[in-house]
Amino acid sequence: MKRIAIIQSNYLPWRGYFDMIAYVDEFIIYDDMQFTKNDWRNRNKIKTPQGEKWISIPVGQNINRRIRDVELTDTSWQRKHWQSMELNYRRAPFFPDIAALLKPVYIDQKHLTLSSLNRKLIEVVCSYLEIRTIISNSWDYTLTNGKTERLIDLCTQTGATEYVSGPAAKDYLDQKAFAENNIQLTWFDYTGYPEYPQLWGDYTPSVSIIDLLFNCGKRAAFYMKFAPRNLANLK
């Protein structure tokens with residue numbers, strides 16, 4: 001039995017995104033989809049003394065392109081984003097550990113496309129959390145037409161018998177078609193996450209996973225559902 005998920009890349013997504021990655025055997029980054037403005041592809045939120053703050057990557061106004069085609073021509077945002085993280089998380093218990101992971105991505109590396117940057121950051125976080133799921137791109141496979149048909153065909157190409165989807169897809173997926181192709185369709189449950197210790201006042205759940213990492217380090221897995229929990233990290 002093989003379980004897969006197929007979803008667009010997000011910029012520094014929240015812990016639920018990584019939990020879905022941990023839950024499946026293969027995670028396909030679906031960046032052949034059209035880029036959507038003011039979405040999670042190029043921005044996310046961090047927590048500051050003044051409350052939640054958006055950090056956004058400048059990508060222009062053109063929405064008539066696929067996510068994989070969004071180029072990053074302006075690199076000045078990289079240092080600004082890192083400085084914002086440093087300013088707001090330098091007092092967090094695990095700032096040195098997480099800074100060692102993220103700072104090189106922002107300061108030492110140049111990123112040509114939004115998709116490759118998002119994948120890089122996703123892989124860095126997965127490696128830290130010891131999530132060993134195979135990560136691939138949608139363009140590694142042949143893509144057929146039709147929303148449901150394409151997903152079913154990707155399941156077939158990867159040998160998957162279970163497709164895991166976010167609950168928002170209930171509005172447009174043909175659930176019957178999955179059953180007709182002997183593929184189990186599972187709706188991922190994003191509810192029930194416990195609170196974790198944070199800086200800056202009242203608890204705020206809807207922020208990037210970096211907030212969890214800076215505050216909890218390797219213990220972050222204990223505030224997730226499916227990330228591997230290493231008892232050695234309790235020390």
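1. The largest pocket of this predicted model has a volume of about 730 Å³. A pocket here is an open set of points on a 1 Å grid over the protein atoms alone, where a 1.4 Å probe fits, with protein on both sides within 12 Å along at least five of seven lines. The volume is the space filled by probe spheres set on the points.

2. Local features need pLDDT of at least 70 and side-chain atom pairs count only at pLDDT 80 or more, while totals for chains, interfaces and linings use all residues. Residues are numbered from 1 along each chain, and side-chain values use heavy atoms, without hydrogens and water.

3. The pocket lining comprises 30 residues, and Ile-7, Gln-8, Arg-41, Gly-166 and Ala-168 lie nearest the centre. Lining residues have an atom within 4 Å of a point. At least two lining residues come from each of β1 (3-7), α1, α5 (147-158) and β6 (162-165); helices (H or I, at least four residues) and strands (E, at least two) are DSSP runs, numbered from the N terminus.

4. Helix α7 (residues 209-216) is largely enclosed by the rest of the structure, because eight of its eight residues are buried, that is, under 20% relative accessible area with a 1.4 Å probe, protein chains only. These buried residues pack against α1 (15-23), β3 (43-48), α2, α3 and α4 (114-128), contact meaning heavy atoms within 4.5 Å. Just after α7, Gly-217 has a positive phi of about 60 degrees.

5. The axes of α2 (residues 76-89) and α3 (residues 95-108) come within 9 Å and cross at roughly 170 degrees. Axes are lines fitted to C-alpha atoms over the stretch in contact, with angles from 0 to 180 degrees between N-to-C directions. The two helices are therefore roughly antiparallel (over 145 degrees).

Key:
Parallel < 35°, antiparallel > 145°, perpendicular 65-115°, else oblique. Buried < 20%, exposed > 50% of the residue type's maximum accessible area, 1.4 Å probe, protein only.
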